[in-house]
Structures are given as structure tokens and as C-alpha cells.
Amino acid sequence: MSDAWTWHYNPDAEHVVGDLPAEVVAEVQRLAEQLAILGRDAAEVGRGPVEGGGLRTLDIFGGRGFLMFLAPERLREISVVRVVWLG
């Protein structure tokens, strides 16, 4: 089994980032790739519960928006579930 982590939109890209500007989507994808590189350490990025691997929130573009993600170690994947853009 590989130790590499992956990432995906949950439930899908259309639901999570479908109506966002292209530069926001590109930044979300860049951050998701970086979180996947961090692997299990991604559970300590952003804001969220310290224990239990719950939903994490990460600011984007200096607080002009945020993304919410899960980083379940047992699945070895980052699941981007919501992106809010305040523009």
C-alpha cells in the first residue's frame, strides 16, 4: 500500500467550486495538493477540533474566503467539502 495521499472534491467539483472564479478554483486545487503532500499532518492545518479528525477550515486569499476539508487518516485522502468565497 502506498503512503501517498490524494485529494478530491466531495461530493464533486460542480457542487463545491462550480460557480467560483477560475483563480479561486486554482488556489483551492493548489492548497488541496499541498494538504495531500502533508498527509496525516494536514489534520493540524487551519482551524478545527484538535482531536478526532473532524472538519478543518483554512483561510484563502488572506481571509477573503475559506475552504473546509476532512483529512481522515484511514482513507489517506483530503476531501474538500466546501469553499466559501467572500471576494
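In the predicted model, the side chains of arginine 30 and glutamate 27 meet in a salt bridge with an N to O distance of 2.9 Å; the term denotes a side-chain nitrogen of Lys or Arg within 4 Å of a carboxyl oxygen of Asp or Glu. Both residues lie in helix H2, three residues apart, about one turn of the helix. Helices (H or I, at least four residues) and strands (E, at least two) are DSSP runs, numbered from the N terminus. Arginine 30 is partly exposed, with a relative accessible area of 41%, whereas glutamate 27 counts as buried at 18%. Buried means under 20% relative accessible area, exposed over 50%, and partly exposed in between, for a 1.4 Å probe and protein chains only. Residues are numbered from 1 along each chain as its sequence is written, and side-chain values use heavy atoms, with hydrogens and water left out. As this is a predicted model, local features need pLDDT of at least 70 and side-chain atom pairs count only at pLDDT 80 or more, while totals for chains, interfaces and linings use all residues.

The structure holds four salt bridges. One of them joins the side chains of glutamate 73 and arginine 40, again at 2.9 Å from N to O. This pair links distant parts of the chain, with glutamate 73 in the loop between S3 and S4 and arginine 40 in the loop between H2 and S2, 33 residues apart. Glutamate 73 counts as partly exposed at 42% relative accessibility. Aspartate 59 likewise forms a salt bridge with arginine 47, and the closest N and O atoms are 3.2 Å apart. Because aspartate 59 lies in strand S2 and arginine 47 in the loop between H2 and S2, the pair ties together parts that are twelve residues apart in sequence. Aspartate 59 is partly exposed at 42% relative accessibility, and arginine 47 is partly exposed at 46%.

The strands form an open sheet of four, in the order S1-S4-S3-S2 and with mixed pairing; two strands pair if DSSP finds at least two bridges between them. Strand S1 (6-9) and S2 are the edge strands, each pairing on one side only. From one strand to the next, the twist averages 30 degrees. S1 and S4 run parallel and are joined by four bridges. Tryptophan 7 stands opposite isoleucine 78 in S4. Helix H2 packs on the sheet and touches S1, S2, S3 and S4, its direction making about 145 degrees with that of S1. Such axes are lines fitted to C-alpha atoms, for helices over the stretch in contact, and angles run from 0 to 180 degrees between N-to-C directions. Contact means heavy atoms within 4.5 Å.

In soluble globular proteins, nonpolar side chains tend to be buried together. A nonpolar core is a set of buried Ala, Val, Leu, Ile, Met, Phe, Trp, Tyr and Cys residues joined through side-chain atoms within 4.5 Å. The largest such core here has 22 residues, of which Val17, Val28, Leu67, Phe69, Ile78, Val80 and Val83 touch the most other members. Two or more residues come from each of helix H1 (13-17), helix H2 (22-38), strand S2 (56-60), strand S3 (65-70) and strand S4 (77-85). H2 gives the most, with seven residues. Apart from neighbours within four places in sequence, leucine 67 is in contact with Val28, Leu31, Arg56, Thr57, Leu58, Ile60, Arg82 and Val83.

Serine 79 is found in strand S4 and is buried, with a relative accessible area of 4%. Not counting residues up to four places away in sequence, serine 79 touches His8, Asn10, Met68, Phe69 and Leu70.

Two aromatic pairs are present in the structure. The rings of tryptophan 7 and tyrosine 9 have centres 5.0 Å apart and planes at 85 degrees, so the pair is edge-to-face. Rings of Phe, Tyr and Trp (its six-membered ring) pair if their centres lie within 6.5 Å; planes under 30 degrees apart count as stacked, over 60 as edge-to-face and the rest as tilted. Tryptophan 7 is partly exposed at 23% relative accessibility, whereas tyrosine 9 is buried at 11%. Phenylalanine 61 and tryptophan 85 form an edge-to-face pair, at 5.3 Å centre to centre and with 70 degrees between the planes. This pair links distant parts of the chain, with phenylalanine 61 in the loop between S2 and S3 and tryptophan 85 in strand S4, 24 residues apart. Phenylalanine 61 is partly exposed at 32% relative accessibility, and tryptophan 85 is partly exposed at 24%.
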